[in-house]
Amino acid sequence: MSDTFQLDGAAVPFEPGQTVMQAALAAGHYIPHLCYHPEFKPHGSCKLCTVKVNGRTTASCTMPAEAGLSVESDIEELNALRRTLVQMLFAEGNHFCPSCEKSGNCVLQALGYDLEVHATGFRHLYPDRPIDASHPDILLDFNRCVLCELCVRASSEVDGKNVFALAGRGITKHLIVNSESGLLKDTDIALTDKAMEVCPVGVILRKRVGFSQPIGERRYDKSPISTQALQDAPRIPSGAKHD
Amino acid sequence: MDDLVSRHGGDATLLLQILIEVQEHFGHIPPAVATRLATSLDIPYARIENVASFYSFLHLKPQGEYRVLFSDNITDRMLGSEALMEQMCQLLWLQPGKVSEDGLVSIGPTSCTGMCDQGPAMLVNGRTITRLTHQRVQEIAQLIRNRTPLSDWPADFFKVDDDVRRGGLLLDNKLAYGEVLHAALPAGGLNIVDVIKASGLRGRGGAGFPTGQKWEACRNAEGNRHFVVCNADEGEPGTFKDRVLLTRQADLVFEGMTLCALAVGARKGFLYLRGEYRYLLEPLRAVLQRRRDSNLLGESILGKPGFDFDIDIHLGAGAYICGEESALIESLEGKRGVPRNRPPFPVTHGYMMQPTAVDNVETFCQAALAMHMGADKYRAIGTEKSSGSKLISVSGDCAYPGIYEYPFGVTVREILQDCGAVNTRAVQISGPSGICVGENEFNRKLGFEDLPTAGAFMVFDDSRDMFEVARNFVHFFAHESCGFCTPCRVGTSILKQTLDKIADGHGTQYDLAEVENLDRVLQTSSHCGLGRTACNPVLHTLKHFRPAYENKLKSLMFSPAFDLDGSLARARQMTGRDDAGAHLKETE
């Protein structure tokens, strides 16, 4: 038998080295998340996956699973926290869902619906973030960036290119590309890069494919993110056994 | 350039140190230099911007020939720093945060420079200037206009006093350098761990982790190499005791580090010196060299075969967050100072993911003293859970600001009496991330049982508006948030906006409720202590001084933050109109 921890009253098996998030998703339990992606090393910045472990709050995507842990996730206190975090992300960037190419396929928007965020909550910061349309095939709309670093991680870990990086500190933190000119056209990005696929929002876009899939028939139009995330998650790993 | 890179061995972990040298040489980091640097170090170009843009003192765009930064701690403000900055801007014809059109000068604020006992203070091209007055600001403006090289400015400007007002076992020690190490060497490293554990010594950086336990865990941790790191990134506003220790007791600091090296089995140590204390770099290097010459550092220290240890000094470049130990380690590795996910902790996975003991400047001094005195004698000082003495940095409304050493257990009231504070309304203990105590709490004691402190002790008398104190601290946290996690990055900015809204007279009960909601979010979900404590100033002042907030509120439940008249300011500036007709009447 494998070790288990308790998640909202259910026993969740795990393998050594797995985090609470990885084990939960593998066992069919959804914990809301944004910067976590099953294919990359967790980095724990968005804090949407915050859970209570033995009464203390921590990000579940980076918390190593241990036998006997008591984890609370789907409770109003934490869902209220997650709603506030989503509101913060909406207030931080410039998000106009109705005209966004990513609408319906956007993780931030889907989280908003699934967590029932009904109002903006905060005064918007309206940052000045010019778009980069320099590349012939790719558009970068930094207005929508939520600083999850998935493109940074994908480009470095999978593509071996380091096309993307972060710059600045605090509220001025922003995404940059790897060229002295600061323009995407002067980087070695390619349409086939992993970094092209991972943006959870609408920053990294292929040119000339706008709205090819009608709104209403998109990923999160069909089922909420809480269901989709479980479908995408790696299933119970082969090594794990149930008793 | 090539010389610079080769001197650093082409080592990308020294990127921050290299960038600091480039900044000192060119006044900023020119793109062409960045490109060459990226090539020589074999790192992506974006990495240069990624790192440089994290640190306040590094610039990717040209700055003024003279870069003037006014220390913006509340204690500087209380001594009139805002008016002085305005005066200087007027004298030199520029706006804060902008570079003058001739490229001569730029002026702006910076976080506390650790000169609170002799403020208002500023940094000019990284050099500290203390005791600013209108007279001195005028002289400085003239020197800048004449393009007088900084080296020809009056030496008096750069004078930094120690202001030691009360000594104790640390500040009054008469130990010869090397004495403690000599005595401790025969019994070896395990004995050091045992003595430090038995002495009850706890970390002096604020968290108070038992030092002996940390050293033991580091000693027992598996790794190829072990490291000792001295945290001299004294960034907590209102704290300046490490500056004095590094000035007067540098040998004791290095002695403590060397003892630690023997205890944990380290061959290499770092002292991470905050950029604001750049002027201490050369004197500290001279002390290190003297210790090498005396065989207190280097190979086979004091003739003991196999006991090899040396210390490098790394500079910071204006980032408070690097005082957090895992962020400090990231910065030591030449990266952005972003706190790591923990566990694992630095004692097992620190510098280069190897076992690392990170301790505060004062902790290393106290460790050396505890070794010298023996555990029992050391433990007899202070209180049961807080043994030994503590250095307190006193500033603000008092007659004698400076450094005071007390055994733990001293009350707030005793310190207030000693420093000549009268009509005291509140004391901010341990800086903005610490605790604000009001008059009814002045009998509380400093120590881990009651009021834990890293040493800051800022005094506010009854003429001060505690709301403004909290607002200064909230601005500080927003400026210093590393931006890694959502709650701190966005939350500190929203908190700042909300307090500014209240200060502008647009605040309502709704805003106070929002502050309380933000507090909860920051406390429960922030990545590190910065975010978790960023609300403390507001929470504590609200608790003690709620009227200071409420008398600024409109009676309404809600008032929009959007200020129509304020939004027209730019249009008025462009049209050159500022008459009454160009303003909108506020509707109630």
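Let's start with two helices: H18(B) passes H19(B) in a left-handed crossing. Left-handed means that the near helix is turned anticlockwise from the far one by less than a right angle. Helices here are DSSP runs of H or I with at least four residues, strands are runs of E with at least two, and both are numbered from the N terminus.

A word on the source. This is a predicted model, where local features need pLDDT of at least 70, side-chain atom pairs count only at pLDDT 80 or more, and totals for chains, interfaces and linings use all residues. Residues are numbered from 1 along each chain as its sequence is written, and chains are lettered from A and ligands numbered from 1 in the order in which they are written.

Back to the pair. H18 covers residues 466-480 of chain B and H19 residues 486-503 of chain B; they pack at about 150°, axes 8 Å apart. Axes are lines fitted to C-alpha atoms, for helices over the stretch in contact, and angles run from 0 to 180 degrees between N-to-C directions. So H18(B) is roughly antiparallel to H19(B), the word for angles over 145 degrees.

Now the sheet. Six strands of chain B form an open, mixed sheet, in the order S5-S11-S10-S14-S12-S13. Pairing takes at least two DSSP bridges between two strands. S5 (164-166) and S13 (435-438) of chain B stand at the edges with a single partner strand each, so one side of each has no neighbour in the sheet.

What joins S12 to S13 in chain B? Four bridges, and the two strands run antiparallel. In S13(B), B:Ile435 is the bridge partner of B:Ile429.

Technical notes: Angles under 35 degrees count as roughly parallel, over 145 as roughly antiparallel, 65 to 115 as roughly perpendicular and the rest as oblique.
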